[in-house]
Every structure is written in C-alpha cells, then in structure tokens.
Amino acid sequence: MAGAVGKAGETVIPIHVLGGFLGSGKTTLLTRLLAAEKASGGHAAVLVNEVGEADVDGRTVHDHHSDVELLAVAGGCVCCDLVDDLALHVRELLARPDVTALYVETTGLAALGPVAAIVASAAAASGRGALASVLALVDTPRLARTEAEWAACDGHLEGADTVLLNHWDEADAAERRYARAWVATRAPRARVLETVFADPGEAGLKGLLGNAFAGERRAPPGGDSTRGYTTAGFFLQKPLDLRRLEALVARYERSLVRLKGFVRTPDGSLLELQAGAGVLRVTPHPGAVERPFLVAIGRRLPW
C-alpha cells in the first residue's frame, strides 16, 4: 500500500476514493483498509465528507484509528457545493510529511465520478499524489429501492474500478441477480466482489487497491446529487430509549434514509447508532463523546 516512486525519485502518495449510497458500508471498509495500512507500516491520512453539520464517520474512524491524519468536510457534498474544499484539503493532506496514503470517503449522496475527477486534478496539481483506486459499495438487497429514490443512482458507478456488492448475505436470489446485472451494465470494466460487512477477506483486501483507470477521469458534470434530500442534527440532552427510537425508525422507513450518531442509554452505556431502511443497529462505542448527537438524512420528513 506504499506509494510508488516518481520521476524525480520522490514518493508518489496513492489516493483511494471510497463511495457508495447511504448505509452501503463505506466506513466499515475504510476501517479495514486503515488497519491493513497500519499493519504494512504505512501512515494514512483520511478525508471524510459528511453532508450533515456533525461529523459522525470521522469520529468513528478516529476512535478506531487515532494515529491517522484526519480531516472532515461537513455541511455539504464535495461533488456539488464543496468542490473547492475537497481540492484544498486533498492538497493539504498530501503536503503533510509522513503521509504514505490518502483515503477519501465521500458522503453517501455524492456522485462518485465527479469526486474522482476532482481528487485526480488536485493530486496532479500537488505534484505529490496520484489517484490509485476508486471503490464503490452497493447495498445489494436495497439497490432497486435506492435506484427508485435517488436521482443520481444510475450514474453512480461512473469512474469506479472496483465495486463491492455489500450486504450480500441479506439479499435473496432475485436481488443478487439484479445487482450483478446492474453493475455489469454500468461498470463493465470494474472488478466486482461480493461481500458481507464490507469484508473481501484478507487476500481480497490486499489486492483491493491500485487498479485505477489512468487518464480516464471526466470533468465534474453539473447537477446536484443531493436533490430531494434534507438533513437535520440533534444534540441529546438526556439518555435515549432505544425501543422508542426503533419504533420511530420503523414508522418512517420510507423517508428516513439514514440516521447515525452516538447515544447514551439510561444505564449509562455509550453506543454508536446506525439506522436505515427501517432497521436500527447499535454497537458499543470505545471512544468518548462529550455531547451525544444524531444526524438524520431523509426525504419529505417533518423535521
């Protein structure tokens, strides 16, 4: 995972872009890649984009990998209204002396092709980095629903050189066939992996990076991939009743696309919370959160 050597003998820092619709497993894959990077002796930098004002994924990454160089771009989408911020922060992280690889995790509402094009351009301008991989995750059992509800979905795989059909174990035979055919049509040159918990296996993880299609990045098109979606943040003053929250998530299954953050329960436990498609998942959180909060993304929700 270390960088290649450039013409002047300087190390070229590889940049890996991770994209995928909300809840597809990007942060899970990122934590796996960072663990492998550390095991190989590398020192990674991470740029995380959150469409909401609060940075959930960046905090998760930091609490699991506190040694990484981390920058968060929150409050918008890097392919639409934060293009300049994305380019600026890519160049900033590439300039840090000890960085051996840069990972860029997009918001789930970002169009992957424009992000890859912006990153490639910023890397070329820096003279220190190069786009090495563009990874796209697909939520296999919910692909048809995503396609129906997200206008940018059809062109989402443009620029991807590797596609992970994630949550494979949750999909039935028809959903699996549909996902394979959908990806084959939209990303015919991409490697396709079928994964559970964004885990391609040790051998698959080692070979996941470094397959970018050099010189084929298109200029960012116009348009707003977040159109139709709104976001809201909630700071929690009291412990949360998970049963009541689970009922709320189920009630707004069709319109509450993503809910994530950190909550404290009545018994004092600190949990990381992820919800989408009517399903609520919680896991113990190893870090400290001074003020628990939730970030929600949805369509036609009465905030």
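Q: Against which elements do the buried residues of α6 pack?
A: They pack against β6 (129–139), α5 (143–149), β7 (162–166) and β8 (191–194). Contact here requires heavy atoms within 4.5 Å. The model is predicted, with local features needing pLDDT of at least 70 and side-chain atom pairs pLDDT 80 or more, while totals for chains, interfaces and linings use all residues. Residues are numbered from 1 along each chain as its sequence is written, and side-chain values use heavy atoms, leaving out hydrogens and water.

Q: What makes a run of residues count as a helix or a strand?
A: Both are DSSP runs numbered from the N terminus: a helix is H or I with at least four residues, and a strand is E with at least two. On this basis the protein has 8 helices and 13 strands.

Q: How do you know that the span of helix α6 agrees with its number of residues?
A: The expected span is 1.5 Å times one less than the number of residues. For the 14 residues of α6 (residues 173–186) this gives 20 Å, and the end C-alpha atoms are 20 Å apart, so the two agree.

Q: Which residues of α6 are called buried?
A: They are Ala179, Trp182 and Val183. Buried means under 20% relative accessible area, exposed over 50%, and partly exposed in between, with a 1.4 Å probe and protein chains only.

Q: Why are the buried residues of α6 said to line one face?
A: Seen down the helix axis, they fall within an arc of 95°, and therefore line one face; the arc is taken from the directions from the axis to the C-beta atoms. An α-helix has 3.6 residues a turn, so residues three or four places apart point the same way. The face turned away from the buried side carries the exposed residues Arg177 and Thr185.

Q: Why is Gly298 called buried?
A: Its relative accessibility is 0%, so Gly298 counts as buried. Gly298 lies in strand β13 and is in contact with residues including Gly228, Leu256 and Trp303. Gly298 and Leu256 are 42 residues apart in sequence, yet 4.5 Å apart from C-alpha to C-alpha.

Q: Why is Arg299 not given a salt bridge with Glu149?
A: A salt bridge needs a side-chain nitrogen of Lys or Arg within 4 Å of a carboxyl oxygen of Asp or Glu. Glu149 is the nearest side chain of opposite charge to the buried Arg299, at 4.4 Å, so no salt bridge is counted. For charge, Lys and Arg count as positive and Asp and Glu as negative, with His and the chain ends not counted.
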